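Please open the model in your viewer and keep the selection panel at hand. The tour goes from one selection to the next, and at each stop it says what is there.

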There are 6 protein chains.
Amino acid sequence: MPSTWPQPMDGMTTPRFAGPVTFMRLPQVEDASTLDIALLGVPFDLGTTNRAGPRHGPREIRNMSSIIRRVHPVTRVEPCRLCRVADVGDTPTNPADLMISLAMIEERVAEIRAAGAWTLCLGGDHLISLPILRGIHRAQPGLGPLGMVHFDAHSDTNDSYFGGMRFTHGTPFRRAIEEGLLDPARIVQIGIRGSLFDPEDMDWAREQGVRIITIEEFEALGVDATMAEARRVVGEKPAYLTFDVDSLDPAFAPGTGTPEIGGLTPREAQRMLRALRGLNIVGADVVEVAPPFDHGGCTALIGANMMFEILCLMAEARVGG
Amino acid sequence: MPSTWPQPMDGMTTPRFAGPVTFMRLPQVEDASTLDIALLGVPFDLGTTNRAGPRHGPREIRNMSSIIRRVHPVTRVEPCRLCRVADVGDTPTNPADLMISLAMIEERVAEIRAAGAWTLCLGGDHLISLPILRGIHRAQPGLGPLGMVHFDAHSDTNDSYFGGMRFTHGTPFRRAIEEGLLDPARIVQIGIRGSLFDPEDMDWAREQGVRIITIEEFEALGVDATMAEARRVVGEKPAYLTFDVDSLDPAFAPGTGTPEIGGLTPREAQRMLRALRGLNIVGADVVEVAPPFDHGGCTALIGANMMFEILCLMAEARVGG
Amino acid sequence: MPSTWPQPMDGMTTPRFAGPVTFMRLPQVEDASTLDIALLGVPFDLGTTNRAGPRHGPREIRNMSSIIRRVHPVTRVEPCRLCRVADVGDTPTNPADLMISLAMIEERVAEIRAAGAWTLCLGGDHLISLPILRGIHRAQPGLGPLGMVHFDAHSDTNDSYFGGMRFTHGTPFRRAIEEGLLDPARIVQIGIRGSLFDPEDMDWAREQGVRIITIEEFEALGVDATMAEARRVVGEKPAYLTFDVDSLDPAFAPGTGTPEIGGLTPREAQRMLRALRGLNIVGADVVEVAPPFDHGGCTALIGANMMFEILCLMAEARVGG
Amino acid sequence: MPSTWPQPMDGMTTPRFAGPVTFMRLPQVEDASTLDIALLGVPFDLGTTNRAGPRHGPREIRNMSSIIRRVHPVTRVEPCRLCRVADVGDTPTNPADLMISLAMIEERVAEIRAAGAWTLCLGGDHLISLPILRGIHRAQPGLGPLGMVHFDAHSDTNDSYFGGMRFTHGTPFRRAIEEGLLDPARIVQIGIRGSLFDPEDMDWAREQGVRIITIEEFEALGVDATMAEARRVVGEKPAYLTFDVDSLDPAFAPGTGTPEIGGLTPREAQRMLRALRGLNIVGADVVEVAPPFDHGGCTALIGANMMFEILCLMAEARVGG
Amino acid sequence: MPSTWPQPMDGMTTPRFAGPVTFMRLPQVEDASTLDIALLGVPFDLGTTNRAGPRHGPREIRNMSSIIRRVHPVTRVEPCRLCRVADVGDTPTNPADLMISLAMIEERVAEIRAAGAWTLCLGGDHLISLPILRGIHRAQPGLGPLGMVHFDAHSDTNDSYFGGMRFTHGTPFRRAIEEGLLDPARIVQIGIRGSLFDPEDMDWAREQGVRIITIEEFEALGVDATMAEARRVVGEKPAYLTFDVDSLDPAFAPGTGTPEIGGLTPREAQRMLRALRGLNIVGADVVEVAPPFDHGGCTALIGANMMFEILCLMAEARVGG
Amino acid sequence: MPSTWPQPMDGMTTPRFAGPVTFMRLPQVEDASTLDIALLGVPFDLGTTNRAGPRHGPREIRNMSSIIRRVHPVTRVEPCRLCRVADVGDTPTNPADLMISLAMIEERVAEIRAAGAWTLCLGGDHLISLPILRGIHRAQPGLGPLGMVHFDAHSDTNDSYFGGMRFTHGTPFRRAIEEGLLDPARIVQIGIRGSLFDPEDMDWAREQGVRIITIEEFEALGVDATMAEARRVVGEKPAYLTFDVDSLDPAFAPGTGTPEIGGLTPREAQRMLRALRGLNIVGADVVEVAPPFDHGGCTALIGANMMFEILCLMAEARVGG
């Protein structure tokens with residue numbers, strides 16, 4: 001590892017309550033061309049249909065991330081030694097205009113990707129996945145529709161809300177499939193649950209070929225079989241990974257806008273993410289951390305840990321690619 | 001479904017933070033004779049021996065219930081299309097007099113039942129089950145002693161507290177058995193745990209024939225065997241269902257007055273309630289949600305979800321009967 | 001008072017934790033033509049530039065309002081005996097589209113006013129004052145520009161934010177003056193304070209003739225002289241009253257999105273509102289209660305009390321007009 | 001001071017987070033005959049008509065009281081050097097029976113007083129003042145009706161609630177006057193405010209001769225004139241002092257069941273209590289601290305400080321008598 | 001059981017919100033020679049490297065412990081009938097000096113042990129285990145190095161922090177092994193997880209022979225096999241038991257300074273502790289309850305329950321020895 | 001103003017919830033030689049005798065500071081246009097060693113001052129003032145003993161705690177006077193209050209000539225006379241300004257370790273700080289913000305505002321000097 005590579009601040013030297021509020025207290029850099037993986041905040045929540053607050057997510061995830069140490073406990077991966085990783089701050093957003101914000105997010109992601117870095121984003125509500133995917137494809141037009149591993153309580157493939165609104169945190173993946181950003185046959189959704197607006201809620205997604213593993217199916221399959229299925233669906237081609245913290249039970253992740261009881265435990269989530277090792281994860285996000293509804297940073301802490309799990313996956317994918 | 005049947009407000013049309021604070025934003029109606037199932041608040045907590053607060057339960061459960069959509073995710077039951085369901089508001093209570101309150105609750109339940117509607121109640125502390133059962137029997141004298149499925153950390157079959165007090169939230173089912181409201185041989189209690197006042201604490205209940213499945217036995221049996229046993233005990237005759245949120249672990253349901261660590265998870269509880277499909281549940285309650293000790297509405301959210309699970313069971317029982 | 005007039009539920013008969021979650025537990029009515037004053041929720045916060053959350057304001061203000069009794073302690077006014085007052089529920093809003101929401105709010109206010117009732121609104125962020133004023137004028141085209149008493153930490157007369165956004169909670173009164181809804185020479189703003197974006201921040205407002213009484217001037221003048229000045233500015237013609245809870249110090253009203261330390265105390269605010277007796281207040285709102293940042297309902301309780309103070313003023317104005 | 005007198009633990013020797021949870025970390029003693037002033041907890045809240053919780057008040061007031069040091073900052077009084085002062089623990093109560101609890105409280109107070117110690121009680125809701133006064137008179141039958149200084153938002157002289165309930169936290173002083181325990185002509189109530197059930201709410205009290213100083217009159221008079229009036233009313237004969245924390249504004253004392261905005265500040269309350277020096281305060285209580293609604297112990301901290309102010313007054317009265 | 005043995009206050013007689021704040025409301029005694037097991041608070045957190053607060057742990061654990069009843073629900077053990085058990089209050093500590101505090105803790109533990117009582121300590125941060133072990137060995141020089149069952153997210157066998165600091169809550173067991181207080185070959189650590197400072201973090205411990213069961217190994221083994229292994233490692237000779245609440249997932253135990261997601265559940269922890277029955281546990285502690293980060297006493301409640309589980313183990317060991 | 005001067009991020013362009021967590025979102029710079037005023041975090045709380053937590057103060061004050069705009073509302077001072085101001089991050093500290101931490105803080109302050117920048121520090125507990133003063137004098141040996149304006153509930157001039165501990169947050173100014181860092185005759189302490197350990201608590205300070213204005217004297221004098229006296233005491237020579245947030249009432253600043261009721265209001269504090277304009281303030285700090293005990297960032301928000309008030313004073317002093 002060249003000595004110039006950015007490194008997280010060490011909690012054995014500088015106590016965790018000190019130092020900068022960047023992810024893992026990595027340096028903040030502006031120029032993504034010096035990086036392999038860019039950690040990018042997306043403070044946006046205009047897609048939220050119930051309780052707002054994910055606009056504050058990036059800052060609080062970074063705040064809690066100072067507790068994370070540099071080595072993965074199971075895989076022993078050290079992402080910042082495999083790759084050049086840094087925090088590139090937040091995308092611009094416009095809290096008074098949803099559509100302009102989407103354009104701003106897309107623009108910043110495309111710029112970073114064009115400079116050569118992959119993005120791992122801190123949301124923000126789940127609608128951000130759409131402009132992120134747009135930005136990736138704009139910068140890499142030949143990439144082809146991506147597969148996707150999607151942890152969530154909700155499929156987020158509704159068509160519209162509130163009389164025709166096509167852009168909310170309940171619709172991003174319908175749009176992304178329609179726009180050819182994602183290959184529905186290579187999408188797996190895990191943890192889906194909760195009462196339905198309509199018995200046909202997820203029919204469209206299933207018709208496109210999306211593989212939906214409800215929490216009930218997950219319980220029947222167990223972690224290992226679920227993830228084998230996920231790997232089978234996504235395959236070896238490039239894929240996106242999106243982690244909505246409401247995939248977890250609200251006891252673990254209370255700070256979120258559309259909580260559904262009966263969700264995953266962090267132990268299950270960690271095991272599932274680790275089972276994705278070797279997939280070609282070329283971009284990712286962690287979304288729906290809503291600090292105003294959090295208690296003592298618990299949800300932001302989970303967000304930070306999920307970011308680290310995914311960073312390890314992406315670092316291996318990046319150097320393996 | 002006749003177009004005049006009451007329907008919940010749709011979260012895809014009216015955002016969940018708007019609209020009336022009734023259960024699932026159903027209409028509030030006064031005349032129970034137009035209903036099959038009446039959702040009834042019982043804001044009472046004079047039976048509480050430790051931390052008070054369930055008096056605020058009905059309002060907060062209703063508040064959080066706006067997040068629930070009309071279709072059950074697993075059974076696809078749509079209770080408000082099977083039956084006429086509405087919120088009938090709160091029973092009168094008297095916060096300065098326990099015995100008068102019990103009479104008021106009984107009176108209102110009897111009145112609703114006599115009008116032809118079954119009640120699903122939002123508590124309130126667990127003592128409310130007693131006047132509810134009395135009211136049911138008063139309105140339907142020929143019903144015969146009911147079976148009961150009882151989720152709880154505590155058996156609530158103590159004889160008395162504090163030098164002879166026979167009416168507290170620790171005694172309702174002893175009274176109900178003594179009064180012939182329940183058939184002890186058809187009662188199953190699930191999730192019982194926590195340190196004991198005395199080694200003989202539950203001997204009386206067991207001697208009456210109550211089947212007590214402690215949390216330890218539940219862990220050994222698993223969900224499926226536990227529920228097979230529950231169904232066997234209760235049988236096909238009419239039964240009551242009572243769900244105390246302290247059956248859940250305090251991490252999931254912190255807002256309660258007598259928390260016992262080591263409880264059920266919501267996933268387990270949901271699976272167990274769903275396994276009761278087909279039982280003849282003719283009345284039910286969800287109790288011991290104590291908002292002053294809750295965090296961000298987590299416990300009230302669980303209360304609302306358990307209400308919905310039970311509503312689906314009762315709707316099927318009602319139309320099946 | 002005719003016996004058919006709506007009356008709040010009495011806390012000496014029905015305990016405050018029971019009963020419907022309407023303002024003061026008044027009946028909820030749909031048909032505003034039966035009313036003199038309509039209490040209208042406006043669950044909207046897309047105009048928020050910092051911390052979101054006022055979308056949840058109407059529900060929590062109603063929740064805390066059950067503590068209010070029917071008689072004003074100082075003036076002995078009983079608004080619901082002077083007038084026909086009821087809660088008319090919430091306006092429709094669209095949490096995914098700011099401009100559509102403004103139109104929906106305007107429409108509902110106009111409809112109520114055209115039916116003959118004046119509106120006292122529960123916000124929502126401060127941008128709601130704009131569509132409310134538009135609705136009033138649409139229904140009563142001959143009303144003429146209104147005077148306004150405006151309690152706030154901020155003048156809310158900025159031109160635009162975020163590169164040209166003209167509709168945020170920092171701009172409503174600039175728009176309202178531009179559109180001729182308000183007469184700037186009859187506007188008084190009280191409690192203005194906090195650091196400035198620019199030394200010229202409030203020059204435009206002052207140039208229009210708006211009378212700005214900063215917190216510093218208020219402290220120098222005292223309550224009585226301040227309100228004498230406010231009455232002088234507003235005069236006897238019809239006026240609007242808008243109360244932003246961030247006019248209060250954050251210790252009293254922590255649940256708000258743009259808190260500024262050094263604000264009014266509730267005692268000062270109550271005295272100031274009472275000093276407006278006799279003004280011709282023909283419409284009003286209480287805004288910026290953001291429950292996600294509140295503690296134990298303190299801010300919602302203040303919102304409810306401010307609503308009651310204003311209701312008493314409006315009731316007298318209504319019968320006096 | 002004899003070396004055997006009980007002394008508070010010193011925060012310069014034993015840190016405030018250590019040591020016993022008694023008031024000021026004084027010794028707990030059972031035998032009141034060794035004391036001049038007994039600090040007595042009364043964990044009772046069955047008189048509460050709105051939000052419950054004062055049952056937890058004594059424990060939390062004691063918890064926060066470890067921050068108090070032994071010398072009064074203004075008067076330099078050292079109560080534990082003037083008198084023998086200790087914590088005598090809690091009265092028995094029965095959370096399932098209001099009337100029995102009143103008898104238990106009266107009994108314990110009478111027992112302590114008969115042993116020669118005056119009581120300063122930690123509530124508990126305001127109804128406890130009634131059995132305390134009964135207990136005092138039972139033990140000292142010749143004492144004669146007491147005067148009273150009463151800090152509160154509410155007069156607590158209602159006749160009954162909920163259809164004839166004569167014992168709630170809104171009625172204790174009506175009962176006490178009726179029973180001859182208090183001399184209404186020597187009662188002063190300070191800080192009264194909040195909306196009224198009825199315009200005649202306080203007529204009965206005024207007719208008995210009670211001097212009610214509303215918050216508005218207090219503001220007009222100022223602290224000094226208010227307290228001169230209070231001293232004039234109460235006179236030199238034995239008097240009781242009762243401090244309801246809802247006399248304070250909810251920003252300072254959020255942890256209470258019936259909060260009324262626009263209350264006293266702690267600075268005002270401290271100045272007012274200090275102005276009572278020299279009165280013959282022969283018993284006292286601090287009530288309505290409801291920890292479930294408190295934030296970070298703020299209200300309990302105020303309760304502890306008010307206890308200390310009153311303890312200094314009583315210690316001087318005791319040795320001066 | 002002799003009638004003079006200290007007994008916990010009974011929640012069926014005295015409500016749980018009343019009475020002294022000692023563990024299980026047992027009597028507080030000074031003279032340990034009258035006891036078999038002494039419950040000892042250690043309010044110390046100078047070893048904390050991240051979020052402080054365990055100094056408040058003993059008081060809050062005691063506060064929540066009033067909910068515990070005298071009989072173990074599974075084993076039916078009644079520890080206070082097997083042994084003489086009481087609360088002996090807190091050790092002296094010095095919040096301005098780490099090394100002096102360690103000496104004070106050691107001194108008090110040695111004194112109690114020399115008087116014949118075994119200690120079960122309420123922490124405090126995890127560094128307290130070191131002076132406790134020193135105190136035990138000082139009082140019983142012939143005891144020989146102890147085995148240890150250690151529940152934790154962290155191994156706490158680091159060498160030093162912050163440039164050579166050898167005494168923090170991350171180092172106690174390295175020191176204890178170096179000093180011969182513990183026999184590393186008889187130590188088992190359960191629940192270890194979380195990102196690592198360095199891939200070699202736990203090599204030293206493993207080289208000494210410590211048996212580390214990570215959370216991943218635990219999940220693979222299950223409760224029964226894990227505990228069989230634990231019993232094998234520790235053997236029949238005297239052993240210490242230390243329970244760090246961060247072994248639990250932060251959803252269950254949020255009030256702690258170094259939370260690691262993906263931890264044990266209380267049900268697992270209870271089963272594991274119960275599986276230690278028969279081991280020769282001669283001393284124990286429960287540590288890292290940090291009330292400032294807790295919600296509604298959840299973590300303190302778990303601390304109290306873990307104390308009770310361990311008390312039952314120690315009581316059996318004491319009488320069996 | 002040269003275009004290269006660091007400027008705060010503008011809330012009208014970048015929303016306040018986005019961007020870096022530095023003070024006012026100013027750039028973070030390492031090289032203090034490019035600055036006139038350096039904003040320096042001091043995350044240290046080993047001097048705390050009661051509730052810990054100020055170690056988290058710098059981060060949370062910076063977090064809340066994004067709400068502050070660039071222009072002072074009364075004086076119209078724009079500090080970042082008068083001077084080169086930036087955030088220089090945190091001093092090193094060692095959470096396991098008080099004395100080493102003091103040396104580290106002193107070293108960093110001296111280094112910055114030697115480079116030509118004045119420091120305005122974000123604490124941290126009050127003991128940090130001592131090493132800051134040492135660092136200033138070490139870098140500027142000819143400066144001479146400084147005057148000081150000291151806002152606090154406590155005099156912090158005790159000699160020692162806990163059996164001889166001379167360095168706690170209760171002793172810094174005794175040490176600073178003894179070491180000749182401060183001129184006691186030019187020190188004024190404002191807001192002092194709260195019960196006393198001993199009647200002689202502040203005698204030493206008064207004997208040195210320190211002018212102590214208790215809260216009672218402040219109330220009698222009013223803001224203007226108090227500040228006239230403060231200016232008289234401090235005079236025109238260089239002075240330090242230290243602002244302990246516990247000078248404010250706990251309702252406004254609950255997040256602090258040693259709260260004393262009856263404190264200043266923010267309005268009073270702001271007026272007092274503004275009255276210091278023209279004094280030669282050459283260094284300053286804001287201390288004792290303890291986020292674990294804060295609610296919704298209220299105390300950190302006050303800390304940020306007090307920082308801004310002082311920054312304006314220092315900027316004028318710097319350019320005026």
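Begin by selecting chain E and chain A together: the two bury about 2800 Å² between them, with 58% of that area on carbon and sulfur atoms, where buried area is the accessible area (1.4 Å probe) that two parts lose on being put together, summed over both. Within chain E, colour E:S195, E:F197 and E:I261, which lose the most area to chain A and together make up 27% of what that side buries. This is a predicted model, in which local features need pLDDT of at least 70 and side-chain atom pairs count only at pLDDT 80 or more, while totals for chains, interfaces and linings use all residues. Residues are numbered from 1 along each chain as its sequence is written, chains are lettered from A and ligands numbered from 1 in the order in which they are written, and side-chain values use heavy atoms, with hydrogens and water left out.

**The interface of chain E and chain A**

Stay with this pair and show the residues in contact (heavy atoms within 4.5 Å), which come to 34 residues from chain E and 34 residues from chain A. Across this interface the rule finds six salt bridges, a salt bridge being a side-chain nitrogen of Lys or Arg within 4 Å of a carboxyl oxygen of Asp or Glu. To look at one of them, select A:R267 and E:E219, whose closest N and O atoms are 3.4 Å apart. Helix α7 of chain E (residues 215-234) gives the largest share of the side of chain E that touches chain A, namely four residues. Helices (H or I, at least four residues) and strands (E, at least two) are DSSP runs, numbered from the N terminus. By residue class, that side of chain E divides into 14 nonpolar, 13 polar and seven charged residues; here Ala, Val, Leu, Ile, Met, Phe, Trp, Tyr, Cys and Pro count as nonpolar, Asp, Glu, Lys and Arg as charged, and the others, Gly among them, as polar.

**The interface of chain F and chain C**

Next, select chain F with chain C, where 34 residues of chain F are in contact with 34 residues of chain C. The area buried between chain F and chain C is about 2800 Å², and carbon and sulfur atoms give 58% of it.

The rule finds six salt bridges across the interface of chain F and chain C; in one of them, F:R70 pairs with C:D198, the closest N and O atoms being 2.9 Å apart. On the side of chain F that touches chain C, α8 and α9 (298-320) of chain F each supply at least two residues, and α9(F) gives the largest share, six residues.

Now zoom in on C:E268 and F:R267, which form a salt bridge with their closest N and O atoms 2.8 Å apart. C:E268 lies in helix α8 (residues 266-274) of chain C and F:R267 in helix α8 (residues 266-274) of chain F, so this pair joins two chains. C:E268 counts as buried at 15% relative accessibility, and F:R267 counts as buried at 12%, given that buried means under 20% relative accessible area, exposed over 50%, and partly exposed in between (1.4 Å probe, protein chains only).

**A salt bridge within chain D**

Move to D:R277 and D:E316, which meet in a salt bridge whose closest N and O atoms are 2.8 Å apart. What does this pair tie together? D:R277 lies in the loop between α8 (266-274) and β8 (281-287) of chain D and D:E316 in helix α9 (residues 298-320) of chain D, so the pair ties together parts that are 39 residues apart in sequence. D:R277 is partly exposed, with a relative accessible area of 36%, and D:E316 is partly exposed at 25%.

**An annotated histidine in chain A**

Finish at A:H126, where UniProt places the feature "binding site" in an unreviewed entry; UniProt positions are given in the numbering used here, feature names are shortened, and annotations may be inferred rather than shown by experiment. A:H126 is found in the loop between β3 (118-123) and α4 (129-139) of chain A. Is A:H126 buried or exposed? At 0% relative accessibility, A:H126 counts as buried. Leaving aside neighbours within four places in sequence, the contacts of A:H126 include A:H150, A:D152, A:H169, A:D244 and A:D285.
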